[in-house]
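Please take a look at the protein shown here. Below is a friendly tour of some of its features.

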Amino acid sequence: MGEYFKHMIFAVLIAFTSSCLAQNPIKANLKEAPINGGFQMEDYWVWGSSVIKGDDGIYHMYASRWPKWLPFHPGWMVASEIVHATSDVPEGPYKFQDMALGARGAQYWDGRSCHNPKIVKYKGVYILYYMGSTHPFEDLTKDNIDEFDLNSKWCIAGRWGKRVGMATSDSPYGPWKRLDAPILDVGPNTFYSFLTSNPSPLIKEDGSVVLLFKGRSYQEDGIKHSDMAIGVATAPRYDGMYSVVKNEPLFSMERFGEIEDPHLWSDDSGYHMIAKDQRGKITGGQGDGLLAHSKNGIDWVIDKNPKAYTKTIQWDNGDTIRQGQLERPFVLVEKGKPTHIFFATMDGPGGFGNGTKTWNMVVPLQ
């Protein structure tokens, strides 16, 4: 073989290797999704899962649900509850076990709705982070459902009241001890003056906590709210005081782009975040997933090849389907390695009002 051809082959190999190394480490390792995996419930909208392996060797999922006689959006805002399901394997299917957090009365800050669960464990304590909300009005029924939409009194109060909270238990089966106040309240003249929501915690080896969250601020007229921003709070331990780091977001319309549903995990190389690119400014695809990295959980760098996933899913029955919605990504880590990614998903052409079915699905990572 001539020297010219040797050099050509070597150059091709180098280019191919560089291309492989440049691939997004999540997207490059997505496998086929099991068509019968995940978690769904008849007569309920099911959304947003978080999974942990218990001391019993069983996989425990915590997910949001609300009755299907309510519209998907904004039904979750006033009637979501967090349920517990289990499976012997991470792919599922998961079987309903019990109610983890449900309605407990309008007088509580989280008395009407509990949503967006994230489960972690520290020194034998299971810690369930979530968003809670309440409203002071009569219950919604099938008789007054025609009055219910985003501009109704229920939703105005329910959205305004969204806060980040926490519950604890010595067992994944509960009972759960809930707090009478949120752990992350709003702050005047901040990017989270209107609400706090969508918590994503990580507990370090020393017990301190990094908590990503979604915030919105009041706009000038005092009625409408801003676009979404993602901030970070820290605490000396999970049951300590949570303080927002600086009065500026990590991600916003002005900084990188608007994102939602951040999920945080760590491994030997540092901290990692996966999230939904709300407008496609970062990944080039609206609603696609992005990947970012950090050494401390506070200062973030977007991956060189940021697109971590798209709404197009390859199922293990041979079908390739563009899902109507694909949100709330959650990465399961075992023995220091990401093994599965979970999503909340919806059928249909896209848009919360156009789907007939939602469930939590899972994609193994190779």
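This report covers pockets, a sheet and some backbone details.

## About the model

This is a predicted model, in which local features need pLDDT of at least 70 and side-chain atom pairs count only at pLDDT 80 or more, while totals for chains, interfaces and linings use all residues. Residues are numbered from 1 along each chain as its sequence is written, and side-chain values use heavy atoms, with hydrogens and water left out.

## The largest pocket

A pocket is an open set of points on a 1 Å grid over the protein atoms alone, where a 1.4 Å probe fits and protein lies on both sides within 12 Å along at least five of seven lines; lining residues have an atom within 4 Å of a point. The largest pocket holds about 820 Å³ of space. It has 28 lining residues, and Val 120, Leu 202, Ile 203, Ser 266 and Val 333 are the closest to its centre.

Strands that each supply at least two residues of this lining include β1 (44-53), β5 (113-122) and β9 (195-203). Strands here are DSSP runs (E, at least two residues), and helices are runs too (H or I, at least four). By class, the lining has 16 nonpolar, five polar and seven charged residues. Asp, Glu, Lys and Arg count as charged; Ala, Val, Leu, Ile, Met, Phe, Trp, Tyr, Cys and Pro count as nonpolar; the others, Gly among them, are polar.

## The second largest pocket

This pocket has a volume of about 520 Å³. Among its 25 lining residues, Glu 260, Lys 276, Gln 278, Glu 327 and Phe 352 lie nearest the centre. The lining has five nonpolar, nine polar and eleven charged residues.

## An open sheet

Four strands, in the order β9-β10-β11-β12, form an open antiparallel sheet. Because β9 and β12 (243-244) stand at the edges with a single partner strand each, one side of each has no neighbour in the sheet. Two strands pair if DSSP finds at least two bridges between them; β9 and β10 have seven.

## Backbone details

Where are the cis peptide bonds? One joins Gly 92 and Pro 93, with omega about 10°, and another runs from Gly 174 to Pro 175, with omega near 0°.

Lys 123 and Asp 261 are not glycines, yet Lys 123 has a positive phi of about 45° and Asp 261 one of about 60°. Lys 123 is exposed, at 72% relative accessible area, whereas Asp 261 is buried, at 3%. Buried means under 20%, exposed over 50%, and partly exposed in between (1.4 Å probe, protein chains only).

Conventions: Grid points are joined across faces, edges and corners, and a volume is the space filled by probe spheres set on the points.
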